[in-house]
Amino acid sequence: MAENHKFMSRCIALAELGAGTTSPNPMVGAVIVYEGKIIGEGYTSPYGGAHAEVNAVNAVRLAYGEETALDMLKGSTVYVSLEPCAHYGKTPPCADMLIRLGVQKVVIGCGDPFAKVNGLGIQKLRDAGIAVEVGVMEDECRFVNRRFFTRIQEHRPYVILKWAETRDRYFAPEDGSQRWISNKASKQLTHKWRSEEDAILIGTATALVDDPMLDNRLWSGRSPKRVLIDKKLAVPTSNRLFGNHETDLIIFNAEKTAWNDYLKYIAIENFDLYLPQNILYQLYLMDVQSLIIEGGVKTLDLFIKAGLWDEARVFVGDVDWGSGIPAPTLGQLPQEEKQVATDTLRIYYR
């Protein structure tokens, strides 16, 4: 069992290397073990590319040559954090490839809830006479793909709330001005998070007061799609959101629907009725698998009161204000707490 955990832990670490690139596919890591030694490993390529199992097999071929690799694979155990796919999508089924190679055993972290897989990959392997073990570090494997599981099972993106508050729990000045709470290290970490999620959302007030770009210029990787809640289209096109054409700007409003290249206006009927539910469903239909919300108190509370959040990341700055707009409340204690320079980062899971 210790060996299983060692190799599955490596699968999970590999899977995490695909953060921000695989959506709407899951992040998967694969390790191939021969006589107790890792001979190949891989993780899911950016969307449309090879899956983790294919990359791991190719690593074996590259390291040992075709003939030797095929002999070694027949005596190998393949560890994979998520059930191998059983259907043709952008790539052929990984289960079929493992069967064709004649691997000895497959150890799987957790099953894949996607309807075209959902046990079919496991069944294919077993029907071909390959030994299969399922459920090694299952909770950890599911956590890595919490975004994917939420999208498949709840038909909405995984929602991450993010804000900063003072030690005495104030969110912003009462006069509507801009005033920073968190430090530079926290800001850079926020940009890293943006590179890992599909979309970022704010409301009208944040757009008008902060005039943000909502990119991840302080980190590598692609920037997320920008989502703006702007009922009356009050944010002028001179706002910096409109100047960035590299990623989509999706504007949920009550006035018009119009798609023009990167700029997408989506009108919602009965705008104030079930607004967060409608927004998340529309984003789900657009293949948005995860959403980080960096709006003001009104926007954050909209999703908190609807119970439509999965994770909250709250920076507590090393400062007291004495007055201001109170920060949102989640009604629970944080599950994690860590220091980011002078800030305290508190992480909550609903």
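Strand β14 and strand β17 (residues 343-349) pair in the antiparallel sense over six bridges, where two strands count as paired if DSSP finds at least two bridges between them. Helices (H or I, at least four residues) and strands (E, at least two) are DSSP runs, numbered from the N terminus. The model is a predicted one, in which local features need pLDDT of at least 70, side-chain atom pairs count only at pLDDT 80 or more, and totals for chains, interfaces and linings use all residues. Residues are numbered from 1 along each chain as its sequence is written, and side-chain values use heavy atoms, with hydrogens and water left out.

Strand β14 (residues 311-316) is mostly covered, six of its six residues being buried (under 20% relative accessible area, with exposed over 50% and partly exposed in between; 1.4 Å probe, protein chains only).

Elsewhere, five strands form an open sheet with mixed pairing, in the order β2-β1-β3-β4-β5. The edges are held by β2 (37-43) and β5 (131-134), each with a single partner strand, so one side of each has no neighbour in the sheet. From one strand to the next, the twist averages 15°. Within this sheet, β3 (residues 77-82) and β4 (residues 105-110) run parallel over five bridges, and T77 has K105 as its bridge partner in β4. Helix α5 (residues 120-127) lies across β4 and β5, at about 150° to β5.

The axes of α2 and α3 (residues 66-74) come within 7 Å and cross at roughly 130°; axes are lines fitted to C-alpha atoms, for helices over the stretch in contact, and angles run from 0 to 180 degrees between N-to-C directions. Here V57, V60, R61 and Y64 of α2 meet E66, T68, A69, L70, M72 and L73 of α3, contact meaning heavy atoms within 4.5 Å.

Helix α2 (residues 52-64) also meets helix α4 (residues 94-101), their axes coming within 10 Å and crossing at roughly 35°. This contact is made by E53, V54, V57 and R61 of α2 with C94, M97 and L101 of α4.
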